[in-house]
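Here is a short briefing on one protein model.

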Amino acid sequence: AWAGAFGDTVTTLEQDPAGGYKPVTRFAQFVNVPELSVMVRQVMDVIGAAELRRYVSLPNLKDGSRQMVLAEQTDRQAEYQEVLRARMTAIQRRSGPPKKGDDILLSVIGDGRKSAIDYRLIDAAAPREAGSKLERMIEEVARRHKEFSRTSFHAPLPGGSGYSEKPVTHGPATQMIFSDFGINGDFPVHKYIRNSLIERGVPANQIALISEFKSHVAKQRLFNDMNEGKVRVLIGSVAKMGTGVNAQKRLRAVHNMDAQWYPANDTQRNGRIMRQGNMNPEIEILDYSTKGTY
């Protein structure tokens, strides 16, 4: 009854893990919003992100929006799409509920997401492919590490008044990498990112993996080092790094390797940089995707 009064559904074509399309019907939008708003605001005070800027000074996105970094699909990824397609066909043709050990759609989706990052998440013995979005992201981080070595930092002004016109100090800016797949296993993505950045000239002591800092005291020391510019690249998952991380003081770029199922998770990870106390008036949020993949 509530959905009938305040919601509407639409049917659209959505891409499946095998690269094909199928019609999907979803709850798409609110209707009768004024009446709904009156009901909600009887019990809530609502402050949106735009209104928050009237009270605190937050950085602006470079060029006014998040950046989508698109990688081309590699040959191995294209071949693996056919494997995913065959698995989906087999699942659709199977009768009855799945038995223990049977392939299921969630496994196909998970493998599709892994292969879109780098085929070595499917086969750790596969050779490196320079065009994968993992390699593309590493290049973007390494380039910014050099560009951010001397950054002008400005003081956030009180009451949402913006930033000081003149820099208050200069120094190295920092970056965060959010990657949820391949944390452990045969191809540990976080360690691979660190090693690849070291190969590109980033000092090892300036790169940190959040998973290696176990205690609250150790994490706080890490966040202090980020805020002081001693650690300049922090790597972690949304689960480990999406909340409770106040390391925004010099944070200038966030790199998002994976799309999130829940909007709240996306908001949380980007909230590490779009945050009160950041001394960069302009910041970047980069989202990575591989063309033609799930």
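**Briefing: contacts, helices, rings and pocket**

Setting aside neighbours within four places in sequence, Thr12 touches Lys22, Pro23 and Val24. The model is predicted.

**Thr12 and its surroundings**

- Thr12 sits in strand E1, which spans residues 7-15.
- Thr12 and Pro23 are 11 residues apart in sequence, yet their C-alpha atoms are 5.4 Å apart in space.

**Helix H4**

- H4 runs over residues 75-93 and has 19 residues.
- From first C-alpha to last, H4 reaches 28 Å, close to the 27 Å expected at 1.5 Å a residue.
- Its buried residues are Gln77, Tyr80, Gln81, Leu84, Arg87, Met88 and Ile91.
- Viewed down the axis of H4, these buried residues fall within an arc of 130°, so they line one face of the helix.
- On the other side of H4, the residues Asp75, Glu79 and Arg93 are exposed.
- The cover over the buried residues of H4 includes helix H5 (105-117) and strand E11 (282-290).

**Helix H5**

- H5 has 13 residues. It reaches 19 Å from its first C-alpha to its last, close to the 18 Å expected at 1.5 Å a residue.
- The buried residues of H5 are Val108, Ile109, Gly110, Asp111, Gly112, Arg113, Ser115, Ala116 and Ile117.
- H4, helix H6 (133-147) and E11 are included in what covers the buried residues of H5.

**Aromatic rings**

- A pair of aromatic rings is described by the distance of the centres and the angle of the planes.
- The count comes to five aromatic pairs.
- One of them joins Trp2 and Phe6, a tilted pair at 5.6 Å centre to centre with 55° between the planes.
- Both Trp2 and Phe6 lie in helix H1 (residues 2-6), four residues apart, about one turn of the helix.
- Is each ring residue buried or partly exposed? Trp2 is partly exposed, with a relative accessible area of 44%. Phe6 counts as buried, at 10% relative accessibility.
- Phe27 and Phe30 form an edge-to-face pair, with 6.0 Å centre to centre and 80° between the planes.
- Phe27 is partly exposed at 42% relative accessibility. Phe30 is also partly exposed, with a relative accessible area of 48%.
- Ring pairs link Trp2, Phe6, Phe27 and Phe30 into a cluster.

**Largest pocket**

- How much space lies in the largest pocket? About 480 Å³.
- The lining has 22 residues, and those closest to the pocket centre are Arg113, Asp258, Ala259, Gln260 and Tyr294.
- Arg113 is also among the buried residues of H5.
- H5, helix H10 (263-270) and E11 each supply at least two residues of the lining.
- E11 gives the most to the lining, with four residues.

Key. Residues are numbered from 1 along each chain as its sequence is written. This is a predicted model: local features need pLDDT of at least 70, side-chain atom pairs count only at pLDDT 80 or more; totals for chains, interfaces and linings use all residues. Side-chain values use heavy atoms; hydrogens and water are left out. The expected span of a helix is 1.5 Å times one less than its number of residues. Buried means under 20% relative accessible area, exposed over 50%, partly exposed in between (1.4 Å probe, protein chains only). The arc is that of the directions from the helix axis to the C-beta atoms. Contact means heavy atoms within 4.5 Å. Rings of Phe, Tyr and Trp (its six-membered ring) pair if their centres lie within 6.5 Å; planes under 30 degrees apart count as stacked, over 60 as edge-to-face and the rest as tilted. On a 1 Å grid over the protein atoms alone, a cavity is a set of points where a 1.4 Å probe fits but cannot get out, and a pocket is an open set with protein on both sides within 12 Å along at least five of seven lines; lining residues have an atom within 4 Å of a point. Grid points are joined across faces, edges and corners, and a volume is the space filled by probe spheres set on the points.
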